[in-house]
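This briefing describes a single protein chain for a reader who will work from its coordinates.

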Amino acid sequence: MDPNILAAIIGAAALIIGLIAGKLLFSKNTRKKVEEAELQSQTILKEAELRAETIRKEKELEAKEKFVQMRAAHEKEVNERNRKINDTESRIRQKEQSINQKESNLDKQIKDNDVIKDNLNRQIELVNIKRTELEKHQEEHIRRLEKIAGLSAEEAKAQLIESLKNEAQSKALALQQEIIEEAKQKAGKEARKIVIQTIQRTAAEQAIENSITVFNLESDEIKGQIIGREGRNIRAIEAATGVDLIVDDTPEAILLSSFDPLRREIARLSLQRLVADGRIHPARIEEVVEKTKKQIEEQVMEIGERTVIELGIHGLHKELVRMVGRMRFRSSYGQNLLMHSRETANLCATMAAELGLAPNMVKLAKRAGLLHDIGKVPDEESELSHALLGAKLAEKFGENPAVVNAIGAHHDEMEMQFVISPITQACDAISGARPGPAERSCSNISSGSKTLKIWPWLTPGLRRPMPSRPEEN
């Protein structure tokens, strides 16, 4: 055989054997990898199943917790609703019981009134019968007296009146003579007493006038709205403002009664707003009164600021400015307290200038005159007198010691330590004891039973006559 052919056959056989061996080897490796892949996929599947089971359990727990929370919230809401329903039912039952009680009381009262009416009718009939009998007996008695005296009833009456008149005239003349003699002996004392009594009576009338405000209405129909059902609106207004409402037969008017003008002003403005709005009930009343109080407080502050600006007083503490504004709603012996304090401040400044005091003392005198009665308008009640309380307030809010002493000493309750103290006392007496302040001198100003002497505080070269009362700014 040809060697080339043999070599080719051997090569082909070797190639075929190699291919078969390679295929067998590749098949074995592939089967091994497939088995490894299947094992790995089974492991991954098992892990995925475990993770899915864990997630499922977690979600189930979350769902159960959320369900429990929602059920608790629902139960709470249901319980709250049931409680409200029970409360409402309880109130309704109470109202029904109250209405039934009132109806039974009303029926009982009607029966009692009927019984009283029947008794009164019977008593009236008896009284009429007795009156007729008495008139008959009286006529018979008069006829007997006329027969015995020989005079008619008219003649006897005329004689009795004449004798009583003569006796009364003689006694009156004797009494008049005694009064005249006693008056001559005590002329000065009686004159002072009469003047004091007259001033006191005038002050009393002014106090009564200042304790009442008339609130005018467009018609009497509004009175019913203001009164409210069973008077609840009036009670709400009185409780919120501290003012008594007097609703009587006065046409188209309601009286507001209180000794505090500030409270009466709050009540008047509140009523004005309520009537204009038309909605009048306790809740609305409290709201309107609260708004009115805030408005009045702003107005008080504005009055105080305007007053100190007009008087040229600077650096006054905010609380003192507010107290000055509150003076607008107070009175003192028939005078408006703010007008009295302004007048006293102007008098103090004028007197201090006329006496030649330094400009800073003139300003302090005006300041003391304005603040001398701030103890009459405190926010809280105090056992101190108004002079000592005013001094305490002025010291608290950083006023000059001279001003503090002038406020506390203007009624001799503190020792006078500065020259403006007697000036403040004198000017307060002048403003409070008008008319005729210009006729008095600085050396002797009468204030009730006291005599205010200010000359020991001044040097002889500064003595001048008392200036006339200045005009109001």
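The pLDDT is the predictor's confidence in each residue, from 0 to 100; contact means heavy atoms within 4.5 Å. The model is predicted, so that local features need pLDDT of at least 70 and side-chain atom pairs count only at pLDDT 80 or more, while totals for chains, interfaces and linings use all residues. Residues are numbered from 1 along each chain as its sequence is written, and side-chain values use heavy atoms, with hydrogens and water left out.

**Confidence**

- The mean pLDDT of the chain is 77, and 81% of the residues score at least 70.
- Residues 193–209 stay under 50 in pLDDT, and the model gives this stretch 1 contact beyond four places in sequence.
- Over residues 435–473 the pLDDT is also below 50, but this stretch has 73 contacts beyond near neighbours in sequence.
- Where pLDDT is low, the predicted coordinates should not be read in detail.
- Confidence is highest in helix 12 (residues 401–409), at a mean of 93, and lowest in strand 6 (residues 445–447), at 36.

**Overall architecture**

- The chain contains 13 helices and 7 strands; helices (H or I, at least four residues) and strands (E, at least two) are DSSP runs, numbered from the N terminus.
- Of the 473 residues in the chain, 28% are buried. Buried means under 20% relative accessible area, exposed over 50%, and partly exposed in between (1.4 Å probe, protein chains only).
- Among contacts between residues at least 6 apart in sequence, 60% join residues at least 24 apart.

- Helix 8 (residues 318–326) is largely enclosed by the rest of the structure, because 7 of its 9 residues are buried.
- Those buried residues are Leu320, Val321, Arg322, Met323, Val324, Gly325 and Arg326.
- The buried residues of helix 8 pack against helix 6 (261–277), helix 7 (282–311), helix 9 (337–354), helix 10 (359–371) and helix 11 (386–396).
- Arg326 belongs to helix 8 and is buried at a relative accessible area of 9%.
- Leaving out residues up to four places away in sequence, Arg326 touches Leu262, Glu297, Val300, Val377, Pro378 and Asp379.

**Helix pairs**

- Two packed helices are described by the angle between their axes and the distance between the axes. Axes are lines fitted to C-alpha atoms, for helices over the stretch in contact, and angles run from 0 to 180 degrees between N-to-C directions.
- The axes of helix 6 and helix 7 come within 9 Å and cross at roughly 130 degrees. Helix 6 is therefore oblique to helix 7; angles under 35 degrees count as roughly parallel, over 145 as roughly antiparallel, 65 to 115 as roughly perpendicular and the rest as oblique.
- The contact of helix 6 with helix 7 comprises 9 nonpolar, 3 polar and 6 charged residues. Ala, Val, Leu, Ile, Met, Phe, Trp, Tyr, Cys and Pro count as nonpolar, Asp, Glu, Lys and Arg as charged, and the others, Gly among them, as polar.
- The axes of helix 7 and helix 9 come within 11 Å and cross at roughly 20 degrees, which means that helix 7 is roughly parallel to helix 9.
- Ile303, Thr307, Glu310 and Leu311 in helix 7 meet Leu338, Arg342, Ala345 and Asn346 in helix 9. By class, this contact has 4 nonpolar, 2 polar and 2 charged residues.
- Helix 9 and helix 13 have axes 9 Å apart and pack at an angle of about 130 degrees, which makes helix 9 oblique to helix 13.
- The contact of helix 9 with helix 13 divides into 8 nonpolar, 5 polar and 2 charged residues.

**Loop residues**

- Leu357 lies in the loop between helix 9 and helix 10 and counts as buried at 17% relative accessibility.
- Apart from neighbours within four places in sequence, the contacts of Leu357 are Ala352, Val362, Val419 and Ile423.
- Leu357 and Ile420 are 63 residues apart in sequence, and 9.4 Å separates them in space, C-alpha to C-alpha.
- Asp412 is in the loop between helix 12 and helix 13 (420–432) and is partly exposed, with a relative accessible area of 44%.
- The phi of Asp412 is near 60 degrees, a positive value in a residue other than glycine. Most residues other than glycine have a negative phi.
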